[in-house]
Amino acid sequence: MKNRDAEVKYFRILVLLIVGINSVTAEPLKDVVKKIKPSVVGVGFYAPMATISHQLKGTGFVIGDGRYVVTNSHVILAVPQEENIKFNEVVFVPKGRQTGIAKVKQVFTDEEHDLSILELTKPLPAVRLLSETENLDDGADVAMTGFPIGAVLGLYPATHRGIVAAYSPNVISAANSTQLSEAYLASLRNPFMVYQLDITAYPGNSGSPVYNAETGEVFAVINKVFIKETKESAITAPSGITYAIPVEHVYALARKHGISL
C-alpha cells in the first residue's frame, strides 16, 4: 500500500513539473510580439540619386548571429528600373519616422522555394526558429508581423493573428490557360509542402515571419496570398487565405552557404 501511495505521489509531482514547464514557455501574445518586433525589418533598395531614393519591397526578419535576414526571393529580385541609376539592396530598420538603413553585403537565393538570405554588414536582434524537423498542427494559434502598407507613414510593424488552416502541397489551380507555364506544370509534378494560414496578409507582408503565438518560434515565411479576382483585389477584397514557406527550407539554404543557425 505504501508503495502504491509513493507511486501516486511521484506521478502527481511529475504532472506538476510538466505543467510548470509548459506555463513558463507559453507567453501572452503581447509579450511575444515585443520580442519579435526588434527583429522585423523592411527589405528594399536605395539609390541616393534616384527619383525615389528609398524603395521598400517587402518584409524580412533577422536570424542566426544577427547578420542575416530572411525574405522572399521575389522581394529582393524586384530591382527598381531607372535609367543610369544603380540601386543597392538594403534593409530598413524600423525607428518610426527615423528609419535606419543597414547595407546588404551579399544575397543567397533559392528561387524554387521563394527564399533569400541577406548578409548584413552589422548585426541586429535575431528571432528563434522552430526546429527544422518540427511542424505546427492544423488549428495552432499563430501570428505574423510585417509591413502590410509599406512605409508611407514610417516603418511601424503590424501584427496579425490567425491559425494554421492546413499543411498542404504548394499547388494552386490555374485560373486560365495562360497560367499553364512550364514552371507551373513542374510545380504540379513536384510540389513541396507549405502552410495554408487563416490570416489576412497584403503585398507588403511578403517575407514576414510567421510564429507560434505562445512561444514566438518562427516556423514559416509568408510568400503569397490567394487572390479571388484581380491582383488589385488582394488589397481591396483580401481572401484571408495566405501561404507560407516552412523554415526547413531556410535551414537548407543556410547550410548550402555555410551559415550557422
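Q: What makes Lys35 and Glu27 a salt bridge?
A: A salt bridge is a side-chain nitrogen of Lys or Arg within 4 Å of a carboxyl oxygen of Asp or Glu. The side chains of Lys35 and Glu27 meet at 3.0 Å, N to O. The pair therefore qualifies.

Q: What kind of model is this, and which limits apply?
A: The model is predicted: local features need pLDDT of at least 70, side-chain atom pairs count only at pLDDT 80 or more, and totals for chains, interfaces and linings use all residues. Residues are numbered from 1 along each chain as its sequence is written, and side-chain values use heavy atoms, with hydrogens and water left out.

Q: Why is Lys35 called exposed?
A: Buried means under 20% relative accessible area, exposed over 50%, and partly exposed in between (1.4 Å probe, protein chains only). Lys35 has a relative accessible area of 55%, so the residue is exposed.

Q: Where does Glu27 fall on that scale?
A: Glu27 has 23% relative accessibility, so this residue counts as partly exposed.

Q: How do you know that Asp31 and Lys30 form a salt bridge?
A: Their closest N and O atoms are 3.4 Å apart. Lys30 is exposed at 55% relative accessibility. Asp31, at 24%, is partly exposed.

Q: What makes Arg255 and Glu132 a salt bridge, and which parts of the chain do they link?
A: The closest N and O atoms of Arg255 and Glu132 are 2.9 Å apart, which meets the rule. Arg255 sits in helix α6 (residues 248–256). Glu132 sits in the loop between β6 (115–120) and β7 (141–146). They are 123 residues apart, so the pair links distant parts of the chain. Glu132 has a relative accessible area of 29% and is partly exposed.

Q: How many salt bridges does the rule give?
A: The count is five.

Q: How many aromatic pairs does a search of the whole structure find?
A: The search finds two. Rings of Phe, Tyr and Trp (its six-membered ring) pair if their centres lie within 6.5 Å; planes under 30 degrees apart count as stacked, over 60 as edge-to-face and the rest as tilted.

Q: Why is the pair of Tyr167 and Tyr195 called tilted?
A: Their ring centres are 5.0 Å apart and their planes are at 50°, so the pair is tilted. Tyr167 lies in strand β8 (residues 158–169) and Tyr195 in strand β9 (residues 193–198), so the pair ties together parts 28 residues apart in sequence.

Q: Are these two tyrosines buried or partly exposed?
A: Tyr167 is partly exposed, at 25% relative accessible area. Tyr195 is buried, at 1%.

Q: Why is the pair of Tyr195 and Phe219 called edge-to-face?
A: The centres are 4.8 Å apart and the planes are at 80°, so the pair is edge-to-face. Phe219 lies in strand β11 (residues 218–225), 24 residues from Tyr195 in strand β9. Both Tyr195 and Phe219 are buried. Tyr167, Tyr195 and Phe219 form one aromatic cluster.

Q: How do you know that Lys224 lies over the face of Tyr243?
A: A charge sits over a ring if NZ of Lys or CZ of Arg is within 6 Å of the ring centre and within 35 degrees of the ring normal. Lys224 is at 5.8 Å from the ring centre of Tyr243 and lies over its face.

Q: How many helices and strands does the chain have?
A: The chain has six helices and twelve strands. Helices (H or I, at least four residues) and strands (E, at least two) are DSSP runs, numbered from the N terminus. Buried residues make up 42% of the 261 residues.
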